[in-house]
Amino acid sequence: MPTDSPMPVSSPTPADSPTPTGSLLRIEAATVRFGGRAALDAVGLDVAEHEIVCVLGPSGSGKSTLLRAVAGLQPLHAGRVLLDGRDQAGVPAHKRGVGLMFQDHQLFPQRDVGGNVAFGLRMHGAPRAEQTRRVAELLDLVGLPGASGRAVAALSGGEQQRVALARALAPSPRLLMLDEPLGQLDRSLRERLVVELRELFGRLGTTVLAVTHDQGEAFALADRVVVMRDGRIAQSGTPLEVWQRPADAFVARFLGFENVVEASVADGVAVTPWGKVPVPPDAPEGTRPLLVRPAGVRLVPAGEGLRCTVTARTFRGTHVAVRLQPENAPVLEAACALRDAPDVGDVTGVEFDGAEITVLG
Amino acid sequence: MSPRRPGWWRRNAARLGLMAVPAVFFAVFFAYPVAAIVARGLKADGGWQPGRIADVLAQSDIRQVLWFTTWQALVSTALTLVIALPGAYALARFDFPGKQVLRAVITVPFVLPTVVVGTAFMALVGRGGLLDEMWGVRLDTTVWAILLAHVFFNYAVVVRTVGGLWAQLDPRQEEAARMLGASRLTAWRTVTLPALAPAVAAAALMVFLFTFTSFGVVQILGGPTFSTLEVEIYRQTADVFDLSTAAVLTLIQFAAVGAILALHAWTVRRRETALRLVDASVTARRPRGAGQWALLGGVVATVAVLLLLPLAVLVQRSFGDAGLAYYRALTEADGGVFLVAPIEAVGNSLRYAVAATAIAVVIGGLAAVALTRRDAGRLVRGFDALLMLPLGVSAVTVGFGFLIALDEPPLDLRASWILVPLAQALVGVPFVVRTMLPVLRAVDVRLREAASVLGASPWRAWREVDLPLVRRALLIAAGFAFAVSLGEFGATVFIARPDNPTLPVAVARLLGRPGDLNYGQAMALSTLLMIVCAVALLVLERLRTDRTGEF
């Protein structure tokens, strides 16, 4: 295991004054402004050792700025970044001992694969034999054995991504940060690599802070997902928690849910533009946004339930997404099995399943 | 206003430090001598005499010079554009055998010393020149000799500046316009032309600047009839000893050059606005149809007649009927022209050029590094413009200013050999900055950030990331500085000591003497100078990969 051998490269581990919480990374009220706009607005976040945290958000939500602030590439206007309990204010990027894998990899074009991977080791003064050994080890690890002498320009996108990962891992950073690690790759490669990455990080015990705009990537990679919006944290939780209980209408819509409306909730029933729908007994009461997952929209024969017209159907592999237009109410999306899917123009009835309905905060 | 980002001073301290060295260099070796000579001319009886400006401008022969300087520069610029734009198009869009050779041939004249260009045209259209012998045609008493020499000299500026951009314009932009219903001509007029316009304007301004301040060419071809500002400054200083008239003329030229450079900076900024650029190799294709082949043929013929013929005649005249006699004469110190054999000028020139190149690369390199970051404020942009000034400020003034300003301790350099390289380096610095800056700016900041996250300190990151990427540009810049200082004439003619002439100075002196032997020796020495410059350039061309630079 590469992490078993202590590298001469990692920053001194703090022997004294660790934070009471034991977080490896702690961000306190971090604020960064570009012009008048806040790219980070008093963001607070803790990442524990060996944890994989994925920051999820649309472009412009401040997630890349967050990584750059932790790396020391972006000065903070207010707030603090602590690594191992030590305030990083005034510590330049090259002394923070964190790794950052850039969105488009930023491999050094004038060096070959081995030269790229060895770069961080050289910067930390590792002996040449050590460098050679470690480069070979890391190229094995990322599935490119023997690629050391290849030119980076000759690599495919997926190979560049692996080299960038090996380069970031080589100096054994105490925290590895990934900026849209798989953003440039095609879908099938992405799905395969995300599984490989998670398995690899688990094996190495790497602490990871990644950002992505792709929820599938975040859910597959992370122990914990943090959703960002406009420089603030909208929600933080395990992938399952975030998926099952989005914090608000923004998070629900960002995750791809379309059936979100205002509803007034009382006594286990919500009044919505679609009529009265059942909600879980522990749902908070009052006027709140309400989410109906597509699976909770059940198609029933016309004449029963809410009367809707089918306006579109989209094949999604495992199921068919059906768009339904009720009279005088917002569009509904339903998920149903292929053989049950109605045709466009059909009239159908709709009933709601309370188990797939969530009242949002 | 939003408050300054944290760490502003810390991050800018390094840049201010880098700027300090070039700033001091320019203050001492440029601003101070020029100011000294202007003061010498305009100060009398212990007070400033601004009335001198009006007095000088009132003289009709001075007004004549101003008028000639302006109109010959305008006509030269227009003529160069008309002749060179088809060449820019052909080299940008056509793919044909020998393209690399043609490109190199076009570039040779630009690095040739003005004295060589003047001599070559003398051999072509002057007294006893090729045209004189064949048809009895002499142009050296007309303005045409000067205009043609200016086109010869600046052809490459237009082809490189405009053609470089043209080759990188995405042809699909034009195709998109055609798909939307534009005719071929309309598509070109509405899509390509607006994209090219700033480059054409920048090239035109550079040509105007070079021809407005033309010295060597006019000095040799102008005879007693035609005189530009720069030639007149030289005449007033060296022949008439009327310093105050020279000072006024220097100020006028300074103001004109400042205005041209400001316009140029503005057009360059516009040129850098977002254009869709693609790799030049994908936009060129074989010419199609008789029209395109005819255009290409015309370009090749123009290059042959206008660029190659004068140089060929120069070489032929250097042999004359006498075989190698002129070359042999160069090694003998018998004529009263020099105290030493003219051939020694070759060694002098090379020694001076090496020193001047070293100075120009250090000063220009530091300045380019300081100017790299694009989020530059007004101060930095002003510094950028300041570095361009030596391109246009009268070299004669600089040379003479060196003589009268750097003559007392602690800067008593009048007797020192370093004086010549210092003056030549001043002219080389703008070329170094212009060559290095686009490459330095093209280095992705995130590469530097990647290095820094991997543990490289800012200095280490620069050495590991920037330096390998710009090493080639550095060599090219050094080559240009070398060629420029080899050919520098205006300042050197003042400060080179009689027993240590440089090649251009020796050529000019030989030409100033009557007799076939002197004439032949001038041709021979010019040929040697041309060969040195051409070899330097061809080495550069092999190093050069990107063609987005201006020179």
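The dialogue below discusses how to read several features of a predicted model.

User: Which conventions apply to the numbering and to the predicted model?

Analyst: Residues are numbered from 1 along each chain as its sequence is written, while chains are lettered from A and ligands numbered from 1 in the order in which they are written. As the model is predicted, local features need pLDDT of at least 70 and side-chain atom pairs count only at pLDDT 80 or more, whereas totals for chains, interfaces and linings use all residues.

User: What span does helix H13 of chain B reach, and where does a kink lie in H13(B)?

Analyst: Helices (H or I, at least four residues) and strands (E, at least two) are DSSP runs, numbered from the N terminus. The expected span of a helix is 1.5 Å times one less than its number of residues. H13(B), residues 289–319, has 31 residues and reaches 43 Å from first to last C-alpha, close to the 45 Å expected. The bend at a residue is the angle between axes fitted to the seven residues ending there and the seven starting there. In H13(B) a kink of about 45° lies at Leu308(B), shortly before Pro310(B). Just after the helix, Gly320(B) takes a positive phi of about 55°.

User: How is the strand order E2-E1-E4-E5 of chain A to be read?

Analyst: Strands of a sheet pair through backbone hydrogen bonds, either parallel or antiparallel. Two strands count as paired if DSSP finds at least two bridges between them. Here 4 strands form an open sheet in that order, with antiparallel pairing. Strands E2 (37–48) and E5 (86–87) of chain A stand at the edges with a single partner strand each, so one side of each is left without a neighbour in the sheet. E1(A), residues 23–34, is joined to E2(A) by 8 bridges, and Ile27(A) stands opposite Leu45(A) in E2(A).

User: Where in chain A is there a hairpin?

Analyst: E17(A) and E18(A) form one, with 5 residues between them; Asn328(A) in the turn has a positive phi of about 60°. E17(A), residues 320–326, and E18(A), residues 332–336, pair in the antiparallel sense over 5 bridges. Ala321(A) has Ala335(A) in E18(A) as its bridge partner.

User: How many residues of chain B are in contact with chain A?

Analyst: Contact requires C-beta atoms, placed from the backbone, within 7 Å. By that criterion, 20 residues of chain B are in contact with 21 residues of chain A. On the chain B side, the largest share, 7 residues, comes from H19(B).

How values were computed:
Two residues are in contact if their C-beta atoms, placed from the backbone, lie within 7 Å.
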